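Here are my notes for you on this one. Have the sequence and the model open side by side as you read.

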Amino acid sequence: MLFGFEWDTTNALTLALSILPILMVGLWVTLQATVLGFFVALVMGMVLAVLKGARSRLVSWPAYAVTEFIRDTPLLVQLFFLYYVLPEYGIVLPAFLTGALALGIQYSAYTSEVYRAGLEAVGHDQREAARALNLSRARTFTHVIVPQAIPRIIPAMGNYLVSIMKDVPVLSVVTVLEMLNVARIVGDRTFDYLVPLSMVGGIYLILTLVASSGVRWLDRNLPNQGIPLK
Amino acid sequence: MTPHWIEYLPPLIEGAWVTLQLTVFSTFLGVVMAFLFGVGKLSHNPFIRAFSVAYIEVFRGTSLLVQLFWLYFALPLTGQAIGIDLRLPPVVAGVLALGLNIGAYGAEVVRGAIQSVHPGQHEAALALNFTPRQTMLGVTIPQAVPEMMPAFGNLAVQNLKDTALVSLISLGDMTFRAEQIRNFTQDSTVIYTMLLFMYFGMALVLTAIMRLLERRVGQWRPGKG
């Protein structure tokens, strides 16, 4: 029994049906970690992107170095680092928050590039036109550049949202009860790993196929000429 | 307090050797899979095409850790049910999971690069009476490879990072060794800082190698050499 649900080990089908609600409890945790990690990645990526775009090299160079370092080191090791090192400095976070933070940090390296590429993809003629219309630099950025960058940024961010979801199982190593961890516990207790692990694979496949087609739909249907900030 | 970090180096370097081997073997498997299924997805044979799409979607669509656990924990049970011994040693399960996973991402890169080769090249090959096989191996792929290299470089680094996950099926890679030392000494800050920098160093070297390769195959672009 787990989370108040009994399993029925009569055969593979009854087992699958009886553990589905248990896996759903794990899936809920997976989705929460995905959304929180994504949010951290969006915010931290924005900060890194702004720092990388700074005029002073004293600011931009360290930001590039940090991005490269985050991108070139494994999520698992970053997670262990946060989980074991932060408490030594008096910062004790629940495993779930540590995990979401690690996901966010890892993916901030990628999202910062998405912001940068999205802004740079807006043509130079747009900046020149804004200048000819005597718009200030700030107004050019908020009313011309950003609205046109948004439709390019959103689909790319969507892809990283899907990637984050697929990386959530790594959080199981610090005792987060996400879907894969739940499936392993079921496997440990029923001596059948095949059914729960295959079900997790199947559920992931369905989720990513749905999410990717959603991202493709966004890519096609977002207005190309831009989305105003207001 | 004298720094203990020098004592941690020998076991970590031993682990680094395992990490390096895993990266090399699984990247090699990944490249083979990428070309097989990347070309397969463009095949005219509907069965080959469907099989390639299924492989790519399954391995890209499910999490690497799920795949690793499935190969290590669930596959032996399947084997038991049908009477074959499918128990994999951790190193085989690790290389298989990593290679199959990265191969699925690589297959999409290969497909994209092949489709980016100018159609005039195919027409020219047809006019010269090349067989489809000759066209693919002698004309299309050599021109597509330089296009694949930047993406392959990113995937190789991704693969290096992913090898850390095999420590979870008790393979003695760099992360596994670091965990052992931490259990023993509780010196988390030093060990994990060292571990992060060792991965970073390996990734920088790997990136440099991929850049060299990229420059080398860049000569295969049409109009050069």
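1. Start with the kink: H6(B) bends by about 45° at B:Met148, the bend being the angle between axes fitted to the seven residues ending there and the seven starting there. A proline, B:Pro150, follows within four residues. Helices here are DSSP runs (H or I, at least four residues), numbered from the N terminus.

2. Keep in mind that this is a predicted model, where local features need pLDDT of at least 70, side-chain atom pairs count only at pLDDT 80 or more, and totals for chains, interfaces and linings use all residues. Residues are numbered from 1 along each chain as its sequence is written, while chains are lettered from A and ligands numbered from 1 in the order written.

3. Back to H6 of chain B, residues 132-162: its end C-alpha atoms sit only 37 Å apart, short of the 45 Å that a straight helix of its 31 residues would reach (1.5 Å times one less than the number of residues).

4. Now look at chain B's residues 20-39 and 51-73, among the stretches that an unreviewed UniProt entry annotates as "transmembrane region"; such annotations may be inferred rather than shown by experiment. Residues 20-39 are 100% helix, with end C-alpha atoms 28 Å apart. For residues 51-73, it's 91% helix and 25 Å.

5. Leaving aside neighbours within four places in sequence, its contacts include A:Thr34, A:Phe38 and A:Tyr107 (contact: C-beta atoms, placed from the backbone, within 7 Å).

Definitions and conventions. Helix = DSSP H or I, 4+ residues; strand = E, 2+ residues; numbered from the N terminus. Contact = placed C-beta atoms within 7 Å.
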